[in-house]
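Thanks for coming. Please look at the sequence and the model as they come up.

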Amino acid sequence: MWCAAALIGWYLLPPIIAPWLCSTFLTIGLLQGPARMILGKHWSTDVLGALLLGSACLLIAWSIFLIWWHRKFTTTSTSGADDGFPHVLHPH
């Protein structure tokens with residue numbers, strides 16, 4: 001959840017606070033697995049399985065968000081520059 005909030009927040013938050021807040025969210029999300037192993041709450045295989053499953057869910061959620069983001073802005077505005085990428089997919 002923390003990593004998804006970081007990736008999606010990068011697009012939605014104002015450019016002044018996005019790098020700081022999203023970096024914090026990403027750090028918290030990535031340190032959850034090692035913290036569980038250090039505390040002895042889970043085995044390494046549990047953490048690895050959760051990392052793989054969480055990564056798959058994160059990619060699906062991010063893909064759905066990017067499709068929504070692209071459709072939202074391509075219907076309301078068009079980009080003059082043609083660099084091979086839709087203008088709306090570039091963060092800030």
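The axes of α1 and helix α3, residues 44-74, come within 9 Å and cross at roughly 15 degrees. That makes α1 roughly parallel to α3, since angles under 35 degrees count as roughly parallel, over 145 as roughly antiparallel, 65 to 115 as roughly perpendicular and the rest as oblique. The axes here are lines fitted to C-alpha atoms, for helices over the stretch in contact, and the angles run from 0 to 180 degrees between N-to-C directions.

Before going on, some ground rules. This is a predicted model, in which local features need pLDDT of at least 70 and side-chain atom pairs count only at pLDDT 80 or more, while totals for chains, interfaces and linings use all residues. Residues are numbered from 1 along each chain as its sequence is written, and side-chain values use heavy atoms, with hydrogens and water left out.

Back to α1 and α3. Their crossing is right-handed; a crossing is right-handed if the near helix is turned clockwise from the far one by less than a right angle, and left-handed if anticlockwise. Which residues make the contact? From α1 they are Cys3, Ala4, Leu7, Ile8, Tyr11 and Leu12, and from α3 they are Leu58, Trp62, Phe65, Leu66 and Trp69. Contact means heavy atoms within 4.5 Å. By class, this contact of α1 with α3 has 11 nonpolar, no polar and no charged residues. Ala, Val, Leu, Ile, Met, Phe, Trp, Tyr, Cys and Pro count as nonpolar, Asp, Glu, Lys and Arg as charged, and the others, Gly among them, as polar.

Tyr11, Phe65, Trp68 and Trp69 form one aromatic cluster, and the whole structure has 6 aromatic pairs. Rings of Phe, Tyr and Trp (its six-membered ring) pair if their centres lie within 6.5 Å; planes under 30 degrees apart count as stacked, over 60 as edge-to-face and the rest as tilted.

Next, the other neighbour of α1. The axes of helix α1 (residues 2-12) and helix α2 (residues 18-38) come within 7 Å and cross at roughly 160 degrees. That makes α1 roughly antiparallel to α2. This crossing is left-handed. By class, the contact of α1 with α2 has 12 nonpolar, 2 polar and no charged residues.

Is Ala6 buried or exposed? At 5% relative accessibility, Ala6 counts as buried: buried means under 20% relative accessible area, exposed over 50%, partly exposed in between (1.4 Å probe, protein chains only). Leaving aside neighbours within four places in sequence, Ala6 is in contact with Cys22, Phe25 and Leu26. The buried residues of α1 are Cys3, Ala6, Gly9 and Tyr11, and what covers them includes α2 and α3.

For contrast, take Met37 in helix α2. At 38% relative accessibility, Met37 counts as partly exposed. Beyond four places in sequence, Met37 is in contact with His42, Trp43, Ser44 and Val47.

Last, the whole chain. It has 3 helices and 0 strands, where helices (H or I, at least four residues) and strands (E, at least two) are DSSP runs, numbered from the N terminus. Buried residues make up 13% of the 92 residues.
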